[in-house]
Amino acid sequence: MKKLAYLLVGMLFGIGMFKSGAASWFRIYEMFQFDSFHMYGIMGTALTIAVIATYIIKKKNIKDFSGNPIEFTPKEKSVPRYLIGGIFFGLGWALGGACPGPMFALFGAGFLPILIAIIGALLGTWFYGLIRKWLPH
């Protein structure tokens, strides 16, 4: 039953990404050209909802579906880590025309050329796993 719930939430997320324009290459291009507020509005709304949800989860000690406590572990903060990672993520996003969420929404909508970006993202993640121990963390 949980897997069905996850599938339905994923489908709703994909539909939302597609209908909001967040999966549109043209919207992403506009964002990187600073020609439109649309994508910044979507990301700002998502960030606001995430901050509020995190606050509520911490304040009320909400548990996950299995009854386990939800734990937030502090991240190690370093400029090189976020600078290098952000550059690679941004380059992939700009070159592929989509970040990971919209990539799968585009695939689900039938845009098969996005498979090239999905394969590239998977290979990049695999490569990161190979070289992770030598990167600044």
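The largest pocket of this predicted model holds about 900 Å³ of space. A pocket here is an open set of points on a 1 Å grid over the protein atoms alone, where a 1.4 Å probe fits, with protein on both sides within 12 Å along at least five of seven lines; lining residues have an atom within 4 Å of a point. Volume is the space filled by probe spheres set on the points, which are joined across faces, edges and corners. Of the 26 lining residues of the largest pocket, Gly-85, Phe-88, Phe-89, Gly-124 and Thr-125 are the closest to its centre. At least two lining residues come from each of α4 (79-96), α5 (100-108) and α6 (114-131), and α6 gives the most, with ten. By class, the lining comprises 18 nonpolar, seven polar and one charged residue; Ala, Val, Leu, Ile, Met, Phe, Trp, Tyr, Cys and Pro count as nonpolar, Asp, Glu, Lys and Arg as charged, and the others, Gly among them, as polar.

The second largest pocket has a volume of about 220 Å³. Its lining includes Phe-13, Met-17, Ala-22, Met-39, Trp-93 and Cys-99, and α1 (2-20) and α3 (38-60) each supply at least two residues. Ten of the lining residues are nonpolar, two are polar and none is charged.

Beyond four places in sequence, Ile-28 is in contact (heavy atoms within 4.5 Å) with Ala-22, Met-39, Trp-93, Gly-97 and Ala-98. Buried residues (under 20% relative accessible area, 1.4 Å probe, protein chains only) account for 15% of the 137 residues of the chain.

The chain contains six helices and zero strands, taken as DSSP runs (helices H or I, at least four residues; strands E, at least two) numbered from the N terminus. An unreviewed UniProt entry lists residues 39-58, 79-98 and 104-131 as "transmembrane region"; such annotations may be inferred rather than shown by experiment. Residues 79-98 are 90% helix, with end C-alpha atoms 25 Å apart. For residues 104-131, the helix content is 82% and the end C-alpha atoms lie 26 Å apart.

Residues are numbered from 1 along each chain as its sequence is written. Local features need pLDDT of at least 70, side-chain atom pairs count only at pLDDT 80 or more, and totals for chains, interfaces and linings use all residues, while side-chain values use heavy atoms, leaving out hydrogens and water.

Key:
Buried means under 20% relative accessible area, exposed over 50%, partly exposed in between (1.4 Å probe, protein chains only).
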